[in-house]
Amino acid sequence: MTRKPKTPLLDKVKVPADLRRLPESDLPQLAEELRAELIDAVSVTGGHLGAGLGVVELTVALHHVFDTPDDRLIWDVGHQAYPHKILTGRRDRIRTLRAEGGLSGFTKRAESEYDPFGAAHSSTSISAGLGMAVARDLKGGRNNVIAVIGDGAMSAGMAYEAMNNAGALDARLIVILNDNDMSIAPPAGAMSAYLARLVSGRTYRSLRDTAKQLAKKLPKFLAEKARRSEEFARGFWTGGTLFEELGFYYVGPIDGHNLEHMLPVLKNVRDTIDGPVLIHVVTQKGKGYAPAEAASDKYHGVNRFDVITGAQAKPPANAPAYTRVFADTLIDEAARDEKIVAVTAAMPSGTGLDLFGEIFPSRTFDVGIAEQHAVTFAAGLAAEGFKPFAAIYSTFLQRAYDQIVHDVAIQKLPVRFPIDRAGFVGADGPTHCGAFDTTFLASLPDMVVMAAADEAELRHMVRTAAEYGEGPIAFRYPRGNGVGVDLPERGSVLEIGKGRVLREGGKVALLSFGTRLADCLLAAEELSAAGLSTTVADARFAKPLDEDLVRRLAREHEILVTVEEGAIGGFATQVLHFLAHQGLLESGLKVRPLVLPDIFTDHAKPEKMYAEAGLDSAGIVKTVFAALGLRETQAARA
């Protein structure tokens, strides 16, 4: 007898209200279909797969138990939000994920009413959730607020600051700790689920509250012992004492892939608990997809891949990636200098420091998602004579600006800042775009700020930073591959504050800061062919500025165009400030700064982003023609 095929359920779920109409017995099948849809979609788009696979059952359970969107569901970081997007009216667009005009790779308020808070940087969910919970209480509302945060995100101090505040306010807030890596306390099957259900239920809480009232009538020393005994007993069976100390009622750990275990606990918490509560759910990254389960990084971020084999599409094998050039160069320098140490904030593979760590494990420090700590930790290392390289993405370095100012710059400590992902990042969108580092670093006294024009320049800058000991020094470089230049066997030590001229001309000067240099050289060819003799220079330094170079370019050319992959207020501002004080803007010089648009640029292919920003060769040529009041057909007669 053949078994009748199951009727598909996912097609019936357009929004979570449809999901809540399903019987609980159908939810495992729905989760199975949701997982298959997620795998198929991400195989087409690429993106963050492993985290989403790990929360499929949790996502189904949350939308089944809670009345979203009236109940606010906040996903920390947003890497795990793809299943949530599929269930909240966006399934028909899920294959546009991270593409131009398509769905964001993270939660986004403008995208859906089911995304009450935008995310991409880690460890913000509890703070945002607490704000929403307090706002609800001020308005006299009764809706639930649920924040889902991973164990990695719990390594950031901001999460504990929020929990401490929530505990002090005794706010009705639900925090789901999605433990998918550290396994703080692994669940012990049915017994663990039973205990979680017991302590989240009304009977246990009633008995506990009664005991607390009785304890108040005891002498103080006995009451304290009773409290400690109760905490120890429950902590022995279920864990969570740390969270209790912060004022949270702890429930768990429970199996995050077992709906029969999760649903009763979520209902109990929804219906019986009035203060802050933390539910500890243990999940497996990559759950349900064998290649992801077998991968060491659990398929955290993937390119397009073959669903059957799991094999990922590889980018064209041409020039090496900037990140790899940085890592290899730092390894070479560290082999010569035992004082060189490396610091990362939970991004060892993203920054290339995993390679450094394989060679120098005792000199590599991953401090977790804690950029503020990473910078001050590096400052402490520098104060004791070591040479720390604190490798942090541009957009993540923003989180540690106060520490850069107070703990590094004011004390003139020689912390080295390799700044990866500087500029556009394509599919990761505005939250990961490295737009502001030059602006906020170059405003600091005694800070040296460099930008690598290509992978050979990056090697020079790593060595320059290693040799520089007079104060903090930073060098920025983009995501992706280099331009294919020959790499020197070892980088040279650059003269601080000195740029270079690559091409001489007489009418137009293009002054590049960073990797737009290649497009400046292409633009110079077009301009020269149009009769506009063009100089191309690589500034190398935004601070200290090469004043002699800038002065010469201003005096010897009719137009000066600065080109950078950064926001307003960065390199061009340094140049204009100098020109103004030198009186060089009064001589008829036409200055045109090319920078990133003054907007938060959405995700798209990098080449499209450069074109729209006017930072490709065509945009540079267009800027020069416009500055000279010429059309292309007139340029040859200029």
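In helix H19 (401-409), the residues Gln403, Ile404, Val405, Val408 and Ala409 are buried, where buried means under 20% relative accessible area, exposed over 50% and partly exposed in between, with a 1.4 Å probe and protein chains only. Helices (H or I, at least four residues) and strands (E, at least two) are DSSP runs numbered from the N terminus. The cover over the buried residues of H19 includes H17, H18, S9 and H20, contact being defined as heavy atoms within 4.5 Å. The model is predicted, so local features need pLDDT of at least 70 and side-chain atom pairs count only at pLDDT 80 or more, while totals for chains, interfaces and linings use all residues. Residues are numbered from 1 along each chain as its sequence is written, and side-chain values use heavy atoms, with hydrogens and water left out.

The protein contains 27 helices and 17 strands. Of its 638 residues, 56% are buried. Among contacts with a separation of 6 or more, 77% are between residues 24 or more positions apart. The exposed surface comes to about 27,000 Å², of which carbon and sulfur atoms supply 53%; accessible areas come from the Shrake-Rupley method with a 1.4 Å probe, and for residues only the protein chains shown count as cover.

Helix H6 (residues 125-139) has 15 residues, and its end C-alpha atoms are 21 Å apart, in agreement with the 21 Å that should be spanned at 1.5 Å a residue. The expected span is 1.5 Å times one less than the number of residues. Ser125, Ile126, Ala128, Gly129, Leu130, Met132, Ala133 and Arg136 of H6 are buried. Their cover includes S1, strand S2 (145-150), helix H7 (157-169) and strand S3 (174-179). Glycine 140, which follows H6, has a positive phi near 75°.

Side chains of opposite charge can pair when their charged atoms come close. In the whole structure, 35 salt bridges were found, a salt bridge being a side-chain nitrogen of Lys or Arg within 4 Å of a carboxyl oxygen of Asp or Glu. One of them joins aspartate 67 and arginine 20, with an N to O distance of 3.3 Å. Aspartate 67 lies in the loop between helix H4 (56-65) and strand S1 (72-75), and arginine 20 in helix H1 (residues 16-20), so the pair ties together parts 47 residues apart in sequence. Both residues are partly exposed, aspartate 67 at 39% relative accessibility and arginine 20 at 24%.

A salt bridge also links glutamate 371 and arginine 399, whose closest N and O atoms are 3.8 Å apart. Glutamate 371 belongs to helix H17 (residues 371-383) and arginine 399 to the loop between helix H18 (394-397) and helix H19, so this pair ties together parts 28 residues apart in sequence. Glutamate 371 is buried at 5% relative accessibility, whereas arginine 399 is partly exposed at 22%. In helix H23 (residues 547-556), aspartate 548 and arginine 551 are 3 residues apart, about one turn of the helix, and form a salt bridge at 3.1 Å between the closest N and O atoms. Aspartate 548 is partly exposed at 48% and arginine 551 is buried at 18%. Asp11, Glu37, Asp40, Arg91 and Arg95 are linked in a network of salt bridges.

Alanine 427, in the loop between strand S9 (416-420) and helix H20 (437-442), is partly exposed at 23% relative accessible area. Apart from neighbours within four places in sequence, alanine 427 is in contact with Arg98, His603 and Ala604. Alanine 427 and arginine 98 are 329 residues apart in sequence, yet their C-alpha atoms are 4.9 Å apart.

Most residues other than glycine have a negative phi, and most peptide bonds are trans. The bond from threonine 68 to proline 69 is cis, with omega near 5°; proline 69 lies in the loop between H4 and S1. Lysine 543 and proline 544 are also joined by a cis peptide bond, with omega about -10°, and proline 544 is in the loop between strand S15 (541-543) and H23. Aspartate 170, not a glycine, has a positive phi of about 55°; this residue lies in the loop between H7 and S3 and is exposed at 53%. Arginine 540 has a positive phi of about 65°, lies in the loop between strand S14 (534-538) and S15, and is buried at 13%.
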